[in-house]
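Visitor: I would like to learn how to read a few local features in a protein model. Could we take them one at a time, with the general idea before the case?

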Amino acid sequence: MKYQLTLNGKPTEVEAPGDISLLSLLRDHLGLTGTKEGCSIGECGACSVLLDHKLVNSCMVLAAQANGREVITIEGICPSDGSPNDLQDAFIRYGAVQCGFCTPGMVLAGEALLAADPQPTRSQIREAIAGNLCRCTGYQQIVDAIEQTAQSRRERRGHA
Ligand code: FES
Ligand code: FES
């Protein structure tokens, strides 16, 4: 089957089997291995991507369901020089990354939250990342990184 989607802002076409998951399309057919495969049953959030700006577990979405739509992966959120964006940078500074396996999904969950709500409370941040499991960090540093990024983005926009 021929898939056509807007992937990280670019019109993209790829031939792949019609019965695969969006996760497989991204990793196995498009080479975007930043999206991680954890449980494969919709429980860990490691495979999170944005589909039409909504956070989804790409292991639970058929690639065919993404046809014609917009997909953003972790590779699509950093500046064109490949440096970390401000949220990724905050994850590094706050020690919110240890093994890093959950990190792409966590960062995308954070981006989805901040796009919807520029001033989330800590409990709203916890709720937004509830579908993303982390075995390493204890979550505190992840919440700190998202909270700090929300604040610095608001300051940059001129309303702290
Ligand atoms: S790999 Fe998709 S939710 Fe775990
Ligand atoms: S940093 Fe290891 S699972 Fe989150």
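This is a predicted model: local features need pLDDT of at least 70, side-chain atom pairs count only at pLDDT 80 or more; totals for chains, interfaces and linings use all residues.

Visitor: Where does tyrosine 139 lie, and what is its phi?

Guide: Most residues other than glycine have a negative phi. Tyrosine 139, although not a glycine, has a positive phi of about 75 degrees, and it is placed in the loop between helix H5 (122-128) and H6.

Visitor: How does one describe the packing of two helices, and at what angle do H3 and H4 pack?

Guide: Two packed helices are described by the angle between their axes and the distance between the axes. Helix H3 (residues 86-93) packs against helix H4 (residues 103-116) at an angle of about 125 degrees, with the axes 10 Å apart, and the two helices are therefore oblique to each other. The crossing in which H3 passes H4 is right-handed. On the H3 side the contact is made by Leu87, Gln88 and Phe91, and on the H4 side by Thr103, Met106, Val107, Gly110 and Glu111; the residues of this contact divide into four nonpolar, three polar and one charged.

Visitor: How do the axes of H3 and H6 cross, and which residues make the contact?

Guide: The axes of H3 and helix H6 (residues 140-156) cross at roughly 135 degrees and come within 9 Å, which makes H3 oblique to H6. H3 passes H6 in a right-handed crossing. Among the residues that make the contact are Leu87, Ala90 and Phe91 of H3, together with Ile142, Ala145 and Ile146 of H6, and the residues of the contact as a whole divide into six nonpolar, two polar and four charged.

Visitor: How many disulfides does a search of the whole structure find?

Guide: A disulfide is a covalent bond between the sulfur atoms of two cysteines. The search of the whole structure finds zero disulfides. As for surface exposure, cysteine 99 is exposed, with a relative accessible area of 57%, whereas cysteine 136, at 31%, is partly exposed.

Notes: Residues are numbered from 1 along each chain as its sequence is written. Chains are lettered from A and ligands numbered from 1 in the order in which they are written. Side-chain values use heavy atoms; hydrogens and water are left out. Axes are lines fitted to C-alpha atoms, for helices over the stretch in contact, and angles run from 0 to 180 degrees between N-to-C directions. Helices (H or I, at least four residues) and strands (E, at least two) are DSSP runs, numbered from the N terminus. Angles under 35 degrees count as roughly parallel, over 145 as roughly antiparallel, 65 to 115 as roughly perpendicular and the rest as oblique. A crossing is left-handed if the near helix is turned anticlockwise from the far one by less than a right angle, and right-handed if clockwise. Contact means heavy atoms within 4.5 Å. Ala, Val, Leu, Ile, Met, Phe, Trp, Tyr, Cys and Pro count as nonpolar, Asp, Glu, Lys and Arg as charged, and the others, Gly among them, as polar. A disulfide is a pair of cysteine sulfur atoms within 2.5 Å. Buried means under 20% relative accessible area, exposed over 50%, partly exposed in between (1.4 Å probe, protein chains only).
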